Structures are given as C-alpha cells and as structure tokens.
Amino acid sequence: MRFGNLLISSLAFVNKESSPSSSTTSLATHNTNIMSPPNASEETTIAAQVDESIYGKSGDISKHVEGVKAQYDTKEKLEFYAQVMGDGTANIHFGKWDGVNLDEEGAYGKASEQMTDYMFDLAMKLKGTTTDEKVNYVDLGSGTGAAALRLVQKHPNTIAKATCLNLCDEQNALATKEAAAANISDRMSVVTGTYEKCPFEDNSFDISFSQDAFVHAFSKKGTFTEALRITKPSGIFIFCDLMCGSGEGVSDEELATFAATNMVNDWLSPEENVKACTEAGWQDVTFVDLTADIRISFQLMLKKVEKIIDNGNPDKIDEKLLLSYKQNLANRIVQVDRYVL
C-alpha cells in the first residue's frame with residue numbers, strides 16, 4: 001500500500017504535529033514585527049494590475065491554468081520573484097527560518113533552501129531509505145526547478161533522478177538551462193504539464209514532492225489522487241503550501257477574495273486537506289504547522305520590496321507590480337495574525 005506520511009503547510013514551525021484525528025489545528029504566529037502593517041480592511045490584491053478576464057476563480061480549469069501561468073511566467077513576474085523571494089536566484093519558495101539571521105545578506109534564499117532540505121530530509125526519514133538505496137522523485141509544480149537543482153546536487157548518492165513537472169514554459173526553459181549548466185541533465189528532467197493530470201505511468205516514483213504549488217490545484221482531492229497514482233507502493237507524498245485559516249471574525253468574503261485573486265480554486269483548511277488526502281487513498285496523513293515561518297517570509301518579502309523602492313528600483317522592476325505587492329504583503333502579515341492563512 002502507499003504510505004502518505006506527511007502533509008505540510010509552510011505557514012509555521014511550532015514543533016507540533018497534528019494527526020488527522022485532531023479536532024483542531026493551531027496556527028501559531030510569530031510576534032516579531034519588522035514593520036507596521038496596514039489595517040486589515042486595506043486590502044489590495046496581487047491581481048490588481050492584471051486582466052480580470054484572466055485572473056479570478058472561474059470554475060473553468062482551462063481559464064484557471066492560464067491564470068496560473070500569468071501569475072508566474074511573464075518577464076515581469078520572473079524578475080520580481082527573483083529579486084523579492086530569490087535573492088537574485090531562481091529559488092522563489094517560502095523559507096524555513098530556524099537559525100537564519102534575518103539581517104544577513106541572502107537570508108531569504110538561505111531560508112528557501114532550508115525549507116527544501118527540511119522537506120526532503122523528512123520524506124527520506126519517513127520512507128526509511130537505506131544508505132545504498134537510490135530514489136526517483138517527482139517535483140509537482142516545480143517552478144524554476146530550484147528545489148530539484150539543489151537536491152540533485154546535494155544528494156548524488158541518494159537521488160537517482162528528479163523529474164520536474166511544471167506548467168510554465170519560461171520557468172521550464174530556465175530549469176533545463178540550469179540543469180545543463182550544473183552538468184546534471186542525466187539526473188534531472190523537466191516536463192511541461194499539470195499535476196492535475198500527470199503525464200506519467202502508475203507507480204513511477206518513490207517520492208512525490210511539491211513546494212509552494214498545490215495552492216493552485218484546481219481540485220485538491222483530484223491532485224492528491226494523481227499523486228497517489230504515480231507514487232510507488234510504500235512511497236511518500238510530501239508538500240508544503242498556504243492553507244485556508246479559520247480565525248475568529250474572518251468572513252467567507254475575505255477568504256473568497258484571497259482565493260479569487262491568487263488563483264486558488266479549491267481553498268482548504270489543514271483539516272480539509274488532511275481529509276482530502278485520506279479520501280484520495282493516502283494513509284497516515286499528517287499536518288505539520290509552520291505558520292511562524294510563513295509570517296517571517298511575508299515580512300522579509302515586504303522589507304525587500306520597500307528596499308527596492310527606496311533605492312530607486314535599480315533593476316527597473318514593473319513599478320505598478322512593486323506598489324501592489326507592497327500593500328498586499330503588508331496585508332498578508334495581518335491576515336496571518338488573524339488566522340486567515
């Protein structure tokens with residue numbers, strides 16, 4: 001049988017695991033304030049400057065897919081994410097901040113890599129892989145391929161091959177180029193496609209892995225089912241991402257607004273994600289709460305946007321995008337504190 005050991009939300013790390021039978025899942029917050037956020041009512045959306053006919057929760061999977069591409073695979077977005085989340089690199093994931101000096105140069109990139117390492121090391125521990133056994137794993141929604149690039153180079157004796165599955169052509173071209181430059185093309189392949197319907201045979205991979213991508217799944221249960229199909233018996237499925245909160249005073253309208261403006265068609269809480277995984281056929285599904293880490297990630301992203309603006313935007317990132325994200329990221333910090341996320 002397949003052994004679905006872990007469901008991670010990259011929202012916090014509080015050294016606490018909640019099993020599927022738990023009645024509640026605590027979303028702890030980190031109390032360090034780098035800057036003062038706006039009032040919760042001052043909502044400016046990431047999608048404020050884009051075509052409303054592309055963005056939004058439409059219920060149409062084709063339109064949804066095009067919206068996801070628009071959110072990540074334009075020249076402006078690639079440049080923006082590289083600076084704000086990647087410290088000038090292709091690693092644009094949320095970070096795990098244990099032991100990272102928030103003021104050091106490259107802190108965000110270091111924390112992003114630390115989250116990748118944390119996830120993979122935990123997956124390997126859960127799988128119980130021996131030192132002489134190599135694994136094949138798939139990165140579902142691999143983005144720029146930064147996670148796979150790091151892991152394949154870091155684990156030459158553990159990873160036989162990493163397969164990156166991703167929608168976005170520009171990101172995939174970058175991942176392919178970087179794999180060639182690192183001389184690991186024989187151990188890392190990039191496939192254009194969607195995790196909604198994976199172009200792989202049944203039981204293809206030892207580990208299914210996804211970092212900050214499943215928030216865009218058109219159907220969470222459908223995507224979890226696909227991950228199950230392509231993972232070998234006794235394999236592992238691990239992912240981290242934003243999940244829907246349930247704080248006091250959080251309205252359905254506020255949750256719907258966040259979902260509609262961030263290409264989230266199926267917005268589930270941790271408990272609902274655990275349930276969807278279980279219903280898809282995974283066993284021993286567990287949620288690990290990392291809310292404090294996501295708060296720090298938003299704080300550092302906002303700090304970097306403000307620095308870019310204060311320095312006169314030397315890399316000429318789209319100005320409307322910068323201003324929109326500045327307001328939006330400040331609001332995200334408030335939303336984490338209010339358990340919206």
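A residue counts as buried here if its relative accessible area is under 20%, as exposed if over 50%, and as partly exposed in between (1.4 Å probe, protein chains only). The model is a predicted one, so local features need pLDDT of at least 70 and side-chain atom pairs count only at pLDDT 80 or more, while totals for chains, interfaces and linings use all residues. Numbering starts from 1 along each chain as its sequence is written, and side-chain values use heavy atoms, with hydrogens and water left out.

Start with the aromatic rings. Rings of Phe, Tyr and Trp (its six-membered ring) are taken as a pair if their centres lie within 6.5 Å; planes under 30 degrees apart are called stacked, over 60 edge-to-face, and the rest tilted. That rule gives 13 aromatic pairs. One of them joins Phe94 and Phe298 edge-to-face, with 5.6 Å centre to centre and 80 degrees between the planes. Phe94 sits in the loop between α2 (75-84) and α3 (107-127), and Phe298 in helix α9 (residues 291-310), so to speak distant parts of the chain, 204 residues apart. Helices (H or I, at least four residues) and strands (E, at least two) are DSSP runs, numbered from the N terminus. Phe94 is buried, at a relative accessible area of 10%, and Phe298 is buried too, at 4%.

Trp97 and Tyr108 make another pair: their ring centres are 5.5 Å apart and the planes stand at 80 degrees, so this one is edge-to-face. Trp97 belongs to the loop between α2 and α3 and Tyr108 to helix α3, so the pair ties together parts that are 11 residues apart in sequence. Relative accessible area is 6% for Trp97, which is buried, and 1% for Tyr108, also buried. Elsewhere, ring pairs join Tyr195, Phe214, Phe224, Phe237, Phe239 and Trp282 into a cluster. A charge also meets a ring: the charged end of Lys96 sits over Tyr118, 4.5 Å from the ring centre (the rule asks for NZ of Lys or CZ of Arg within 6 Å of the ring centre and within 35 degrees of the ring normal).

Next come the nonpolar cores, meaning sets of buried Ala, Val, Leu, Ile, Met, Phe, Trp, Tyr and Cys residues joined through side-chain atoms within 4.5 Å. The largest has 33 residues, and Phe94, Trp97, Leu242, Trp267, Phe298, Leu329 and Leu341 have the most contacts inside it. Two or more residues each come from α3, α7 (252-261), α9 and α10 (319-337), with α9 giving the largest share, 8 residues. Apart from this core lies another, of 27 residues, including Phe120, Val135, Ala162 and Met188.

Then there is the sheet. Its 5 strands run in the order β5-β4-β3-β6-β7, open and with parallel pairing; strands pair if DSSP finds at least two bridges between them. The edges are β5 (188-192) and β7 (231-240), each pairing on one side only. Strand β6 (residues 205-211) pairs with β7 in the parallel sense over 6 bridges, and Phe205 stands opposite Thr231 in β7.

Finally, Asn273 is in helix α8 (residues 270-280) and counts as buried at 2% relative accessibility. Asn273 and Lys220 lie 53 residues apart in sequence, with 7.5 Å from C-alpha to C-alpha.
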